[in-house]
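Work through the exercises below with the sequence and the model open beside you. Each task is followed by a solution in steps.

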Amino acid sequence: MATEVSNIIKADVNFTVLKGDTFDAVVTFKDADKKPLNLAGATLLMHIRDSSDSLMATLQSGSGFTISSNIVTFNYITTLTPDTYFYDLQCTFANGLRKTLIGGKYRVQKE
């Protein structure tokens, strides 16, 4: 599944994965002018939380996803209990600016 996000105002993107499977989504980020968003030198963190806002998982570059240019490729093996969780993907750009790029539901279904 590939998703394109064309701004740097948080976009809602929902994901569904089977427990035990690899979450293998690809998200391409573009700026408001539809040009590739410069993620060079950026740090990205994805937090997955349950409905009570407890942190269930943290993904980061090299441990849950990879970054290449303006493309984030997720490669996280989902071990969470089947349920509906909520996530956000926050980016700290090389210049120190911090933005939440995407967020939404992270649904885990039974194997």
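**Exercise 1. The charged pair**

Task: Decide whether Asp53 is buried or exposed, and find its salt-bridge partner.

Solution. The model is a predicted one.

Step 1. Asp53 has a relative accessibility of 52%, so it counts as exposed, the cut-off being over 50%.

Step 2. Side chains of opposite charge can pair when their charged atoms come close. Asp53 forms a salt bridge with Arg49, and the closest N and O atoms are 3.8 Å apart. That distance falls inside the limit, which is within 4 Å.

Step 3. Arg49 has 27% relative accessibility and therefore counts as partly exposed.

Step 4. A search of the whole structure finds one salt bridge.

**Exercise 2. The aromatic pairs**

Task: State how many aromatic pairs the structure holds. Then describe the geometry of the pair Phe15 and Tyr87 and of the pair Phe23 and Tyr106.

Solution. 

Step 1. The count of aromatic pairs is six.

Step 2. In the pair of Phe15 and Tyr87, the ring centres are 5.4 Å apart and the planes make an angle of 45°, a tilted arrangement. Phe15 is in strand 3 (residues 15-18) and Tyr87 in strand 11 (residues 83-92), so this pair ties together parts 72 residues apart in sequence. Both Phe15 and Tyr87 are buried.

Step 3. Phe23 and Tyr106 pair edge-to-face, at 5.1 Å centre to centre with 90° between the planes. The pair links distant parts of the chain, with Phe23 in strand 4 (residues 22-23) and Tyr106 in strand 12 (residues 98-109), 83 residues apart.

Step 4. Phe23 has 4% relative accessibility and so counts as buried. Tyr106, at 0%, also counts as buried. The cut-off for this class is under 20%.

Step 5. One aromatic cluster is formed by Phe15, Phe23, Phe65, Phe74, Tyr87 and Tyr106.

**Exercise 3. The two faces of strand 3**

Task: Sort the residues of strand 3 into a covered and an uncovered face, and say how strand 3 and strand 12 run relative to each other.

Solution. 

Step 1. In a regular strand the side chains alternate between the two faces of the sheet.

Step 2. In strand 3, Phe15 and Val17 make up the covered face, while Thr16 and Leu18 make up the uncovered one.

Step 3. Strand 3 and strand 12 run parallel and are joined by four bridges. Across this pairing, Phe15 stands opposite Tyr106 in strand 12.

**Exercise 4. Around His47**

Task: Is His47 buried or exposed, and which residues does it touch?

Solution. 

Step 1. His47 is found in strand 6.

Step 2. The relative accessible area of His47 is 18%, so it is buried.

Step 3. Not counting residues up to four places away in sequence, His47 touches Leu55, Ala57, Thr58, Phe86, Tyr87 and Asp88. Tyr87 in this list is also the partner of Phe15 in the tilted aromatic pair.

**Exercise 5. The chain as a whole**

Solution. 

Step 1. Along its principal axes, the C-alpha trace spans about 40 × 25 × 25 Å.

Step 2. Of the 111 residues, 36% count as buried. The chain exposes about 6,200 Å², with carbon and sulfur atoms supplying 46% of it.

Step 3. Among contacts between residues at least 6 apart in sequence, 62% join residues at least 24 apart.

Terms used
Residues numbered from 1 in each chain as written. Predicted model: local features only at pLDDT ≥ 70, side-chain atom pairs only at ≥ 80, totals over all residues. Heavy atoms only, no water. Phe/Tyr/Trp six-rings, centres within 6.5 Å; stacked < 30°, edge-to-face > 60°. Buried < 20%, exposed > 50% of the residue type's maximum accessible area, 1.4 Å probe, protein only. Pairing = 2+ DSSP bridges. Contact = heavy atoms within 4.5 Å. Salt bridge = Lys/Arg side-chain N within 4 Å of Asp/Glu carboxyl O. Areas by Shrake-Rupley, 256 points an atom, 1.4 Å probe, with all protein chains shown as cover.
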